[in-house]
Amino acid sequence: MTNPAATRIEADITANPVMLYMKGNKQFPQCGFSARVVQILNHMGVDYATANVLEDAELRDGIKQFSNWPTIPQLYVKGEFVGGCDIVTEMFQSGELAEMFREKGVPVRADA
Amino acid sequence: MADRAARIASILTTQFAPVALQVADESHHHAGHAGAHPDGQTHFHVALTSPRFAGLGRVARSRLVHEALDQEFSSGLHALRLTLAAPEDDAA
């Protein structure tokens, strides 16, 4: 099955070291799960880009197909799929998320 | 739409030989939200401990559950909160 959004997704996750596909945007997340990931990334002081899947049906379906992951939000770091809200939350709580950002050379706030 | 929670529990019991399994319908927490349906049955929490997860990372564990519940996603399941463990995790 062809994925018309794949080229754009590849470009986005390559250009942005931390890329979040979400519902809404950083200022106005439109889903509790997206809001939680935004909150975590903000707390960690990570520089990240977002794409709003609600504004683009092609992207909304395309990102699910691209990652073989059925739900939004989806976090990518250095082009690699990390997970959705549950995984990001678990990794944040255990300290693995900060560790992963540091390993991948993504600056995080010192106390995160 | 029959009881999705019962269906999810049945599918997971068959495929994962769970040591522990809990399925909760959390749709009422999301009423009025874009993915919500008036009849509910859209948002679920699954806590599953299965030997099938041994040695797998978080993404791989979740993918197994997503695959098992593929039909449910196609028929209106909107969000799945997953708490997945292997029996060996505690010992690690």
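# Exercises on the A–B interface and its salt bridges

Across the interface of chain A and chain B the rule finds 2 salt bridges, a salt bridge being a side-chain nitrogen of Lys or Arg within 4 Å of a carboxyl oxygen of Asp or Glu. The model is predicted, so that local features need pLDDT of at least 70 and side-chain atom pairs count only at pLDDT 80 or more, while totals for chains, interfaces and linings use all residues. Residues are numbered from 1 along each chain as its sequence is written, chains are lettered from A and ligands numbered from 1 in the order in which they are written, and side-chain values use heavy atoms, with hydrogens and water left out.

## Exercise 1

Describe the side of chain A that touches chain B.

**Solution.** Begin with the salt bridge of E90(A) and R58(B), whose closest N and O atoms are 2.4 Å apart. Next, turn to the elements: α3 (57–67), β4 (80–83) and α4 of chain A each supply at least two residues of this side, where helices (H or I, at least four residues) and strands (E, at least two) are DSSP runs numbered from the N terminus. The largest share, 5 residues, comes from α4(A). By type, the residues on this side of chain A divide into 8 nonpolar, 5 polar and 5 charged; here Ala, Val, Leu, Ile, Met, Phe, Trp, Tyr, Cys and Pro count as nonpolar, Asp, Glu, Lys and Arg as charged, and the others, Gly among them, as polar.

## Exercise 2

State how many residues are in contact across chain A and chain B, and what area is buried between them.

**Solution.** First, 18 residues of chain A are in contact with 16 residues of chain B, contact meaning heavy atoms within 4.5 Å. Then take the area: about 1400 Å² is buried between the two chains, and carbon and sulfur atoms give 56% of this. Buried area is the accessible area (1.4 Å probe) that two parts lose on being put together, summed over both.

## Exercise 3

Locate D86(A) and say which side chain of opposite charge is nearest to it.

**Solution.** D86(A) has its place in helix α4 of chain A, which covers residues 85–94. This residue is buried yet has no salt bridge, and the nearest side chain of opposite charge, that of R36(A), is 5.1 Å away. Buried means under 20% relative accessible area, exposed over 50%, and partly exposed in between (1.4 Å probe, protein chains only), while for charge Lys and Arg count as positive and Asp and Glu as negative, with His and the chain ends not counted. Leaving aside its neighbours within four places in sequence, D86(A) is in contact with L80(B), R81(B) and L82(B).

## Exercise 4

For the salt bridges of E72(B) with R7(B) and of R81(B) with E26(B), find where the partners lie and how accessible they are.

**Solution.** In the pair of E72(B) and R7(B), the closest N and O atoms are 2.8 Å apart. E72(B) lies in helix α3 (residues 70–74) of chain B and R7(B) in helix α1 (residues 4–16) of chain B, so the pair ties together parts that are 65 residues apart in sequence. E72(B) is buried, at 4% relative accessible area, whereas R7(B), at 29%, is partly exposed.

The side chains of R81(B) and E26(B) meet at 2.7 Å, N to O. R81(B) is in strand β3 (residues 79–85) and E26(B) in the loop between β1 (20–25) and β2 (43–49) of chain B, 55 residues apart. With 26% relative accessibility R81(B) counts as partly exposed, and E26(B), with 13%, is buried.
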